[in-house]
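Here are my notes on this one, written as numbered points. Have a look at the fold first, then read along.

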Amino acid sequence: MNWVAFISQTGREVYNIYKQTGIKPLFVVTNNINRVIQEVKDEFDIKIIPNRPSVEDYLKLEIPQNSIVTLNGWLRIVPKEIVNKYTIYNGHPGLINRYPELKGLDPQIRAIKGDYEYIGCVIHKVDELLDNGEILCSIQTKVNKFWNEDDYFNKFSQMMLDLWIGFFKDFN
């Protein structure tokens, strides 16, 4: 399987997917090498792309056509020319199948401040619209009124990891 992962943040999620599934990305693409954790830098082939990549920047990556492309904390909108060229999946830490208003940036913070009954994550196919593609899988949990912000973020991280592990088992 050819897997290419895009990250704008630490890459911890990609590293944890690899450690728990044994599936290693062909390479990891980042637009923010300064945030990437050392484990990712040591373990994977890293390709650096500009902070605001153009279609040409994406094409220069030479992603094999049969690759599974994932967005694991990729904080950029992928141009339609790239969306139409590859099959791309996004992990979104907002329960957008239940609360569509959580589409977009920082859904975890909005969920924490929004006093929702449930929090959750989805993996969806990427299309030309932001967080709009077909939802392939989701996970949710009821909010505990005693959680602090760290508890919320730990829940989001674990739920997202669980979804990705199930996602990759289906492809293996």
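1. Let's start with the surface: the chain has an accessible surface of about 9,200 Å², and 45% of that belongs to carbon and sulfur atoms. The areas come from the Shrake-Rupley method with a 1.4 Å probe, and for residues only the protein chains shown count as cover.

2. A quick word on what you're looking at. This is a predicted model, where local features need pLDDT of at least 70, side-chain atom pairs count only at pLDDT 80 or more, and totals for chains, interfaces and linings use all residues. Residues are numbered from 1 along each chain as its sequence is written, and side-chain values use heavy atoms, leaving out hydrogens and water.

3. Now the fold: you'll find 6 helices and 7 strands in the chain, in the order β-α-β-α-β-α-β-α-β-α-β-β-α along the sequence. Both are DSSP runs numbered from the N terminus, with helices being H or I of at least four residues and strands E of at least two.

4. How much of the chain is buried? Buried residues make up 46% of the 172 residues, where buried means under 20% relative accessible area, exposed over 50%, and partly exposed in between.

5. Cys121 is buried at 0% relative accessibility, while Cys137 is partly exposed at 22%.

Notes:
Buried < 20%, exposed > 50% of the residue type's maximum accessible area, 1.4 Å probe, protein only.
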